[in-house]
Amino acid sequence: MATYIGAIDQGTTSTRFIVFDRTGRIVSVSQREHEQIFPNPGWVEHDPAEIWRRTEEVITEAMSAKGLRPQDLAAVGITNQRETLVVWDKRTGYAVYNALVWQDARVGDDVVKFEKGYGQDRYRIKTGLPLSTYFSSLKLRWVLENVKGARKEAEAGNLLFGNIDTFLVWNLTGGTKGGLHITDVTNASRTQLMDLKTLNWDDEILKDFGIPRQMLPKICASSEVYGEAVVPAIKGVPIAGILGDQQAALFGQACFNPGEAKNTYGTGSFLLMNTGEKIVQSKYGLLTTVANKIGDKPAQYALEGAIAITGALVQWLRDNLGIIEKSSDVDALARSVNDNGGVYFVPAFSGLYAPYWKANARGGISGLTRFANKGHLARASLEATAFQVREVVDAMEKDSGIALANLRSDGGMVVNQLLMQFQADILNKPVVRPQVLETTALGAAYAAALAVGYFKNTDELVANWSEDHRWTPMMADEERNRLYHYWKKAVERTFDWLE
């Protein structure tokens, strides 16, 4: 029997291939960044060909680093940045346009157009999602309307659509020579084109958006054997799991029971709560999404609070302002001051996501005085993450009727002690970090492993989870309430900036 399991983790800023052992510990890893393309204000793109090159490179590097052969892997899973879409020609494998990233806000006018007479929740009952620049649907419509010849080729059956998972599977399993055109239910639920109840593409929505059905991939379970890889380093290994990144983190955190929740601190932050087989329609600005579907078992659903900019704000301090040289420098700079100095930074760079869903909001820095310096700005940037998560937790507890006992955390930012302590303080709840931080990749590997019998059931995955560190609240109620009051005031200042 093969010893290890693998995962492709294709994220917003980089691609990784990670090999895990049976305990969930990392055996080998390789990571490469890809270019962030900003053609216009609010536009965010990636080069799909570069992403595929990086994927091939990290697979080869991680396998060769430890002398691993394809037969050493029981299966490979895929997790990916959700909502980021690619449209490509199935005859050549080339994309007709750059990938439109989930953060891209170019379809703001289309959101307004489709809201007229119906409101933001026009498709929420079916899809669990409000009209927003965030999801794949209107971005796909933009490609068909704005890329010369795209609609004609799509209607002729020559173009394929998919989120990044679909593009990777197609290439991994043969590309133009018989590559599989599939997605899983979690990624399909982020397109705003799938009915949550039927788990099928919705013809009425496709008609409204003018999207040819033949472009769309087959919707599969999150854990099943789809096919075999043709890439030399993993040739013949079953591709057997697909989960959108946040659902993968929920899976990797072993949140399989209703009421269990996690928050991932990455480029953005995403809080998901498992609601079991029940579809819970949010009344407080959250999303309803598919959590997972294991083989023939019924789908599990989740409530989600999606925050667009958290870790990306630290990158912005580095790349746009140049006040830090590397992202890890933000901690020392933030610690150079005792508090935020009255400064609040609302990073609505591409509008506000949960719980507001205001596409016309834009970022703002409030409370500036001559006293404020770059240390205060760094601290306000970290605190912005914690404040935004607090807003989502408040909404989630109202929607679900469940008060979180603690918050399981993962993602790149959980190594920042200042942030995580402030998160516990502003939530007034313990924040818990697991032993294995790479829960997103681990979740995808777990899904694949279940499909091939490497693990018998999810109970074995629960047994694998263990706590590494716990932050407990230390802030006085009066201070917590004061800080949160001014945060809410700063958020309101960003509303309706675009007219």
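Both faces of strand E16 are covered: Ser-269, Leu-271, Met-273 and Thr-275 on one side, and Phe-270, Leu-272, Asn-274 and Gly-276 on the other, are all buried. Here buried means under 20% relative accessible area, exposed means over 50%, and partly exposed lies in between, with a 1.4 Å probe and protein chains only. Because 8 of the 8 residues of E16 (residues 269-276) are buried, the strand is largely enclosed by the rest of the structure. In a regular strand the side chains alternate between the two faces of the sheet.

A word on the source: this is a predicted model, in which local features need pLDDT of at least 70 and side-chain atom pairs count only at pLDDT 80 or more, while totals for chains, interfaces and linings use all residues. Residues are numbered from 1 along each chain as its sequence is written, and side-chain values use heavy atoms, with hydrogens and water left out. Helices (H or I, at least four residues) and strands (E, at least two) are DSSP runs numbered from the N terminus.

## The sheet around E16

E16 belongs to an open sheet of 7 strands, ordered E17-E18-E16-E15-E21-E22-E23, with mixed pairing. Its edge strands are E17 (287-292) and E23 (467-471), each of which pairs on one side only. Two strands count as paired if DSSP finds at least two bridges between them. On average, neighbouring strands of this sheet are turned by 30 degrees against each other, direction ignored; the axes are lines fitted to C-alpha atoms, for helices over the stretch in contact, and angles run from 0 to 180 degrees between N-to-C directions.

What are the partners of Leu-271 on its two sides? Asn-263 stands opposite Leu-271, and in E18 the bridge partner of Leu-271 is Gly-305. E15 and E16 pair in the antiparallel sense over 5 bridges and form a hairpin with 3 residues between them. E16 is also joined to E18 (residues 300-307) by 7 bridges, again running antiparallel. Elsewhere in the sheet, E21 (residues 407-410) and E22 (residues 431-434) run parallel and share 2 bridges, with Leu-407 partnered by Val-431 in E22.

Helix H13 (residues 417-427) is mostly covered, with 10 of its 11 residues buried. Among them are Leu-418, Met-420, Phe-422 and Ile-426, along with Gln-421, Gln-423 and Asp-425. Asn-416 caps the N-terminal end of H13, placing a side-chain oxygen 3.2 Å from the backbone nitrogen of Leu-418. Just after H13, Asn-428 takes a positive phi of about 60 degrees.

Arg-480 is buried, with a relative accessible area of 5%. Its side chain reaches the backbone oxygen of Asp-425 at 2.5 Å and makes a polar contact with the side chain of Asn-428 at 3.2 Å. A polar contact is a pair of N or O atoms within 3.5 Å; within protein, one must be able to donate a hydrogen and the other to accept it, and residues adjacent in sequence count only if both atoms are side-chain atoms.

## Pockets and cavities

The search uses a 1 Å grid over the protein atoms alone: a cavity is a set of points where a 1.4 Å probe fits but cannot get out, a pocket is an open set with protein on both sides within 12 Å along at least five of seven lines, and lining residues have an atom within 4 Å of a point. Grid points are joined across faces, edges and corners, and a volume is the space filled by probe spheres set on the points. For residue classes, Ala, Val, Leu, Ile, Met, Phe, Trp, Tyr, Cys and Pro count as nonpolar, Asp, Glu, Lys and Arg as charged, and the others, Gly among them, as polar.

| Space | Volume | Lining classes |
|---|---|---|
| Largest pocket | about 1100 Å³ | 12 nonpolar, 22 polar, 10 charged residues |
| Second largest pocket | about 620 Å³ | 8 nonpolar, 11 polar, 3 charged residues |
| Largest cavity | about 100 Å³ | 13 nonpolar, 2 polar, 1 charged residues |
| Second largest cavity | about 70 Å³ | 5 nonpolar, 6 polar, 1 charged residues |

The largest pocket has a volume of about 1100 Å³. Of its 44 lining residues, Tyr-265, Gly-266, Thr-267, Gly-411 and Gly-412 are the closest to its centre. Helix H10 gives the most to this lining, with 5 residues. The second largest pocket has 22 lining residues, and those closest to its centre are Phe-38, Gln-103, Trp-316, Asn-320 and Phe-349. H10 also supplies the largest share of that lining, 6 residues.

How many cavities of 30 Å³ or more does the whole structure hold? The search finds 3. Of the 16 residues that line the largest one, Ile-307, Leu-352, Tyr-353, Ala-354 and Gln-388 are the closest to its centre. Helices H12 (374-400) and H16 (477-493) each supply at least two residues of that lining. For the second largest cavity, H14 (residues 439-451) gives the most, with 3 residues; the lining includes Arg-25, Pro-434 and Trp-465.
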